[in-house]
Structures are given as C-alpha cells and as structure tokens.
Amino acid sequence: MKHASVFLAFAGLGYLFAAGPAFAHAHLKSANPADKAIISTSPMALTLDFTEGLNLAFSGANLQDASGSQVQQGKAQLSNGDETLTIPLQSALRPGDYTVKWHVLSADGHKTDGSYSFTVEP
Ligand SMILES: [Cu+2]
C-alpha cells in the first residue's frame, strides 16, 4: 500500500509532490516518553512508534543526558508489525533533561533520523 502510494505520487504528481513533507518514509509518529514530556517517574523503556515497518539491524536510538553522556540501555526490539521500537533502560533515570537521537531504516529501504527531548523531574 505504501509503495503503491509512493509510486502514484511520482506518476501522478511528479517531483513537486515527492519533495513535500507528506512523503512516506518511516517518520516518528509518537514516543513514550513523548517529545517535551515532563515526567516524575523514570521510564522502564523508550518506545518509539513509526509510520512504517523498520529493519532492526539498521535502526536504533541513543539516550543522552544533559551533559551529552550516553545512558546505559538494553537491546532494542521491534513489535507492532515492526513499527514500534522499544529500548529498555537498564537503570532509573536521574532527574534532568534527556535527548533521544534515533535513526531508522524502514522496510522500503529509506533512512530517516531525528531527535526529541524529555525531562525527568526531581
Ligand atoms: Cu520511504
């Protein structure tokens, strides 16, 4: 379905549409903790929901604290038709600001990346 709509976009509307933001790659649909969330309890895992299935071997996310240090995390897993990336955290997050930097390869072979932030309150 997604490939068909991509093809139709090229065939019907050409590059004008293809260059637009509505093009179908694996975009981050939602996350938990969410972007700009302020939470009072450390999450057990990061959960990222994408708009397409992912290739686990080339997909992942790194959690960094406010100083840019990498936070210890477990092995990433896919679920929900490979559209949900779950990354377990190995210990409770201390209060502070955190940034999630993600990079994924979708099943259609396209790479996308991005980042978002959340805050753990004291
Ligand atoms: Cu794509």
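How many bridges join β7 to β8, and in which sense do the two strands run? Ten bridges join them, and the strands run antiparallel. The model is predicted. Two topics follow: an open sheet of four strands, and the largest nonpolar core, with 22 residues.

**Sheet layout**
- The strand order is β2-β8-β7-β4.
- Pairing in this open sheet is mixed.
- Strands of a sheet pair through backbone hydrogen bonds, either parallel or antiparallel.
- β2 (38–39) and β4 are the edge strands. Each has a single partner strand, so one side of each lacks a neighbour in the sheet.

**β7 with β8**
- The ten bridges of this antiparallel pair include H103 with D113 of β8.
- L105 of this pair faces K111 in β8.
- β7 and β8 form a hairpin with five residues between the strands.
- In that hairpin, G109 adopts a positive phi near 90°.

**β4 with β7**
- β4 and β7 run antiparallel and are joined by six bridges.
- A61 lies opposite W102 of β7.

**β2 with β8**
- This pair is parallel and spans two bridges.
- I39 has V120 of β8 as its bridge partner.

**Nonpolar core**
- Seven residues touch the most other members of the 22-residue core: L46, L48, F50, L63, L93, V100 and F118.
- Five strands each supply at least two core residues: β3 (45–50), β4 (60–65), β6 (84–88), β7 (96–105) and β8 (111–120).
- β7 gives the largest share, four residues.

**Around F50**
- F50 is among the core residues that touch the most other members.
- Beyond its neighbours within four places in sequence, F50 contacts A26, H27, L28 and K29, among others.

Conventions. Residues are numbered from 1 along each chain as its sequence is written. This is a predicted model: local features need pLDDT of at least 70, side-chain atom pairs count only at pLDDT 80 or more; totals for chains, interfaces and linings use all residues. Side-chain values use heavy atoms; hydrogens and water are left out. A nonpolar core is a set of buried Ala, Val, Leu, Ile, Met, Phe, Trp, Tyr and Cys residues joined through side-chain atoms within 4.5 Å. Buried means under 20% relative accessible area, exposed over 50%, partly exposed in between (1.4 Å probe, protein chains only). Contact means heavy atoms within 4.5 Å. Two strands pair if DSSP finds at least two bridges between them.
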